[in-house]
Amino acid sequence: MKRRTLGQGLEVSAQGLGCMGMSEFYGVGDDDESIATIHEALDRGVDFLDTADMYGPFKNEELVGRAIKDRRDEVVLATKFGNQRAEDGSFIRINGTPKYVLEACDASLRRLGVDVIDLYYQHRVDRTVAIEDTWGAMKSLVEAGKVRHLGISEAGSATIERAHAVHPVSALQSEYSLWSRDPEDGVLDTCRRLGIGFVAYSPLGRGFLTDEASNREGGEGDYRKNHPRFSGEAYETNMALLANLEAIAESKGVSVAQLALAWVLSRGSDVVPIPGTKRRTWLRENIAADDIVLSDDDVAALEVAIPREAVAGDRYVPAGMRNVNA
């Protein structure tokens with residue numbers, strides 16, 4: 001696995017592993033298979049693991065903690081705070097108050113079973129709290145030795161600049177794929193001007209940009225059943241776009257997922273996708289995308305196959321859309 005650098009010195013594998021779906025949102029999980037997937041990722045050089053306190057809720061950090069218990073030195077560990085949930089899973093609020101930042105970090109350290117978090121993200125921007133106050137608390141975590149690097153997720157350019165003035169931002173994590181390209185509307189430029197790495201979540205469009213999209217049944221616990229892009233006419237429109245991608249993938253002898261990941265990897269050496277999976281089979285497929293080299297003509301063909309303005313449906317329900325690019 002090739003390596004990339006986020007910000008001013010956080011070296012990670014060129015692909016990370018998103019662990020969210022191992023515990024929630026994508027149907028029923030299997031902890032044993034999930035842990036085996038994490039172990040194989042590490043064996044194959046994928047050392048950048050991504051979790052958050054809200055996943056599960058709380059269970060995903062505990063799962064990752066069990067998986068890395070004897071392999072901590074091999075891992076670049078990222079987790080997040082800010083989407084505050086209760087033990088029963090109900091959503092409380094987006095919380096960026098300084099007191100909560102400190103409490104959330106201590107709770108994550110405990111669940112993960114580690115002494116320090118390599119990359120600690122503000123998961124969503126709390127519009128009721130000055131970003132300088134939230135980041136002042138985050139900076140204190142670095143000074144206390146509990147966190148090594150700081151990141152922010154789904155933030156707009158102005159917010160990124162203000163956070164960066166308090167403490168260097170090592171990474172912005174936002175959705176980015178062939179069918180979610182809004183980071184290109186200024187945020188990527190801001191990151192590059194400030195020397196901030198970009199971590200692309202959902203680089204496979206929540207599983208839509210794969211060979212399995214048409215087979216997705218939306219079983220129990222799969223939130224995509226109500227996702228705007230997976231529903232009704234939008235789903236049919238997007239399936240037609242996927243057919244274009246399938247044709248290109250077939251001509252190249254690769255899978256749709258590998259082609260979609262190769263496109264994200266081609267966006268720059270400062271861009272690190274974190275495809276999520278809870279199965280070793282898909283992990284192996286994703287890792288193989290690291291060896292695909294796309295020419296400028298290939299990239300142009302992919303962007304013609306899925307024009308950004310042709311994708312149907314928002315990337316979240318209305319409540320979720322209010323909290324992106326904040």
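Helices (at least four residues) and strands (at least two) are taken here as DSSP runs, numbered from the N terminus. The structure is a predicted model, and the tour below moves through it by selection.

**Stop 1: Pro57.** Select strand E4 (48-50) and helix H2 (59-67), then the loop between them, where Pro57 has its place. Display the backbone of Gly56 and Pro57: the peptide bond from Gly56 to Pro57 is cis, with omega near -10°.

**Stop 2: Gln122.** Proceed to strand E8, which spans residues 117-122, and pick Gln122 in it. Is Gln122 buried or exposed? Its relative accessible area is 1%, and because the limit for a buried residue is under 20%, Gln122 counts as buried.

**Stop 3: the loop between E11 and H7.** Select strand E11 (197-201), helix H7 (232-252) and the loop between them, in which Asp211 is found. Ser202 also has its place in the loop between E11 and H7. Begin with Ser202, whose phi is positive, about 50°, although Ser202 is not a glycine. With a relative accessible area of 15%, Ser202 is buried.

Then move to Asp211, which is partly exposed at a relative accessible area of 38%. Which residues gather with Asp211 in a patch of negative charge on the surface? Select Glu212, Glu246 and Glu250 to complete the patch.

**Stop 4: helix H9.** Select residues 280-288, the extent of helix H9, and colour Leu283, Glu285, Asn286 and Ile287, which are buried.

**Stop 5: Asn325.** Finally, select helix H11 (318-321) and continue into the segment after it, where Asn325 lies. Phi of Asn325 is near 50°, a positive value in a residue other than glycine. Is Asn325 buried or partly exposed? Its relative accessibility is 35%, and Asn325 therefore counts as partly exposed.

How values were computed. Residues numbered from 1 in each chain as written. Predicted model: local features only at pLDDT ≥ 70, side-chain atom pairs only at ≥ 80, totals over all residues. Heavy atoms only, no water. Patch = residues over 30% accessible without salt bridge, like charges linked within 9 Å, V, L, I, M, F, W, Y side chains within 5 Å. Areas by Shrake-Rupley, 256 points an atom, 1.4 Å probe, with all protein chains shown as cover. Salt bridge = Lys/Arg side-chain N within 4 Å of Asp/Glu carboxyl O. Lys, Arg positive; Asp, Glu negative; His and termini not counted. Charge placed at Lys NZ, Arg CZ, Asp CG, Glu CD. Buried < 20%, exposed > 50% of the residue type's maximum accessible area, 1.4 Å probe, protein only.
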